[in-house]
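Welcome, and please take a moment to look over the structure below. A short briefing on its parts comes after it.

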Amino acid sequence: MRDPLSKQIRGIKPSGIRKFFDVVNEMPDAISLGVGEPDFDTPWHIRDEGIYSLEKGRTFYTSNSGLKELKIEICNYLKRSQNLDYDYNKHVIVTVGGSEAIDVALRAMLDPGDEVLIPQPCYVSYDPCTILAGGVPVPINLKHENEFRLTPQELKAAITPKTKVLIMPFPNNPTGAIMEKKDLEAIADIIIENDLYVISDEIYAELTYKEKHVSIATLEGLKERTILINGFSKAYAMTGWRLGYAVGPSEIIEQMTKIHQFAIMCAPTTSQYAAVEALRNGDDDVAEMREAYNQRRRYLMHAFREMGLECFEPYGAFYVFPCIKEFGMTSEEFATKFLEEQKVAVVPGTAFGDCGEGFLRISYAYSLENLKIAIGRLNEFVTKLRKEKEQA
Amino acid sequence: MPMMERQLGKESIMREKILSIIEKNSRVDIKELAIILGVPEIDVANELKAMEEEGVICGYHTLIDWEKTSIEKVSALIEVRVTPQRGQGFDTIAERIYKYPEVNSVYLISGGYDLLVSLEGKSLKEVSSFVSNKLSTLDSVLSTATHFILKKYKDHGTIMTKKYEDERMKVTP
C-alpha cells in the first residue's frame, strides 16, 4: 500500500506538551499547575446570552466573516481600549479561537520559502502553522536577561531578504513577558525599513499587571502592516466557546475570509451571540479576574524570592517562568522528577521552544489555596535537591 | 489638594480590595494580604484596624451548613407589617425585634411589607411560638407571615449543595 500520509505532515513534530499530558493523565491524584486556560467559569450573563440565543432558535450559520453585531462590538472595543479605528465591514474576521486566526493569517500571507520570524519561547502553534502554510519558521531565541522581550538587535540579526512576517506573541505564553510601548517603538522602524508584516497575537491583552497593554498596531506606520489577533478565551474565560478574531488591512482580511469560508464556513453562532454580550457588558468581569490573577502572581513571586528560586517578574498572561538551571537538570528531567516525587505537574520550558531549556512554565490559573499546596511541595523538592547537591 | 485627593483614592481602592478578599475568606492573615496586594504589612494592619473602628468591618463570622451536623436547627423568614411611630419611623420597633437573641437579622424592606426578620430556633414549634407569642403581640405589629426555610442552596455567595470540581484537562498549551 502507498503511504497514506504527506511527507510534510510526517515532518511535523507533535506538540511537546502532548507527551507531558499523557504522563500527568496517568496520575489522577496529581496537582496540576500546567493548564493554559482560566480557572473561572464564563461569567453567567455571558452564558445566559448564549442560552438565550439557542432558545430563540438562532442556530443557523452567520455570514462567513462573522455576525455583524459582533464585528461592530469588536471595532468598538478596539477603539475604546487602543484607540484603533477599524471598519467592521472590511477589517474584521471572526474565527474559531485565536488559533484559527493564526493559521489562516499565515496561509493568506505566505508563499513557499517565505521566512517567518518567531520569537521563542512561545505558544506551540506558530511553527507548525508556518510550515503547513509553506513558510520557513525562523526562531528568535529570547533571553532571560531581557525579561524575554524582543530587542532591536535580536530582530535585526534574524532578518534575511526572505523574511516576510514577524510573529509578535505578547503578552507571552509561556514566559508572561510583555512588550511595553518603548519596547515596541524600538523595533518599529526595523519592521518598516525591512518591509515586514506583523502577526500580533494579543490574546492575553487584557491580562497585564503593569501599564495597560499597548498594541503594536497603534504605532505609526504599523497598522497597515499588522494583523492583530485577539479572542474571548483568556479575557472572558471562554476557552471552550472557541471564538477569536483578527483585524487588519482589508486585502489580507479578505483572503483570510476566503480560506475560512472554505475550511470552516463560520465561527459557532451561539458563541458569537455570547461574545456580543461579553464585549458589551463584560468589562467588570475582566477587571475582577485580572485582580485575582494579579494577587496570585504576587503570591508566587514572593514565594520564589523566599525559596531563592530565580525568576524575572512577569507582567502579563497568567504564567511565571522560573529558572531551574542551578539544579543541573534539564527542564524535562526536573518536571518529571517533581511530578513523580511531589505529584505536581508543571510544564518544561522546552515545550515552547529550545530556548525554554532551564525554565518551567507555572500557570497561576488556580485558586490561591491550590497554589499554596503546590508551592509548599515545590519548596520541599527544591530544598531536597539543594541538600543532595551539597552532599555530592 | 489634588495630591491629597489622589492619596484618598488610593486608600479607598485598597480598602475595596481588602474587603472583597476578606468577605470571602476572613481567615486570611495580614502577612498574606500584604503579599497578594503588594503593599506593606503595616498598611494592611492599619487599614483593618481603622475599618473595625469605623464599623465597616462588623465581625468575622463562619458560614456553617447546619444540615450536615447532628444539631437540629430550624430557620425561618418572617414578613412583618407594622405601624411606624411618629418621629421614629421604624427604628423603635426594629430595635424591639432585634433584641431577641433568636433573631438573626432584621431588614427594613420596600414593597408589600415593612420588616423582614430572619430567625433561628431549635424546632418548628419554638419558631412558631416565638412568632405567635412574642412577635405578633407587639403593639405596632399589624400582621406576620412566616416562611420556613427548607433547604439552603446558596448562602453568602457560597454554593452549599455542590463542591467545586476542576474539570479542565490537566496540561494544556
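The notes below go from confidence and chain contacts to domains, cores and strands.

This is a predicted model, in which local features need pLDDT of at least 70, side-chain atom pairs count only at pLDDT 80 or more, and totals for chains, interfaces and linings use all residues. Residues are numbered from 1 along each chain as its sequence is written, while chains are lettered from A and ligands numbered from 1 in the order in which they are written.

**Confidence**

- The predictor gives the complex an ipTM of 0.89 and a pTM of 0.94.

**Where the chains meet**

- Chain A brings 20 residues to the contact and chain B brings 9 residues.
- On the side of chain A that touches chain B, α2 (16–25) and α11 (283–307) of chain A each supply at least two residues. Helices (H or I, at least four residues) and strands (E, at least two) are DSSP runs, numbered from the N terminus.
- The largest share of that side, 5 residues, comes from α2(A).
- By type, this side of chain A has 11 nonpolar, 7 polar and 2 charged residues. Here Ala, Val, Leu, Ile, Met, Phe, Trp, Tyr, Cys and Pro count as nonpolar, Asp, Glu, Lys and Arg as charged, and the others, Gly among them, as polar.

**Two domains in chain A**

- Chain A divides into domain 1 (7–41 + 284–385) and domain 2 (44–282), with bounds from an automatic or database domain assignment.
- The centres of domain 1 and domain 2 of chain A, taken over C-alpha atoms, are separated by 25 Å.
- Between them, 34 residues of domain 1 of chain A are in contact with 33 residues of domain 2 of chain A.
- α11(A) gives the largest share of the domain 1 side of this contact, 7 residues.

**Nonpolar cores**

- The largest nonpolar core has 123 residues, and A:Ile74, A:Ala105 and A:Val344 are among those with the most contacts inside it. Such a core is a set of buried Ala, Val, Leu, Ile, Met, Phe, Trp, Tyr and Cys residues joined through C-beta atoms within 7 Å; a residue is buried if 20 or more other C-beta atoms, placed from the backbone, lie within 10 Å of its own.
- Helix α5 (residues 97–109) of chain A gives the most to this core, with 7 residues.
- Both domains of chain A give residues to this core, so it lies between them.
- Beyond its neighbours within four places in sequence, A:Ala105 is in contact with A:Ile199, A:Ile227, A:Ala246 and A:Met256.
- A second, separate core has 14 residues, including B:Leu115 and B:Val141.

**Strands**

- In chain A, an open sheet of 3 strands runs in the order β9-β12-β11, with antiparallel pairing; two strands pair if DSSP finds at least two bridges between them.
- In chain B, β1 (residues 74–82) and β3 (residues 115–121) pair in the antiparallel sense over 7 bridges, and B:Val74 has B:Gly121 as its bridge partner.
- Strand β2 (residues 103–108) of chain B pairs with β3(B), also antiparallel, over 5 bridges.
- The hairpin of β2(B) and β3(B) has 6 residues between the strands, and B:Gly111 takes a positive phi near 110° there.

Notes. Contact = placed C-beta atoms within 7 Å. Buried ≥ 20, exposed ≤ 12 C-beta atoms within 10 Å, placed from the backbone.
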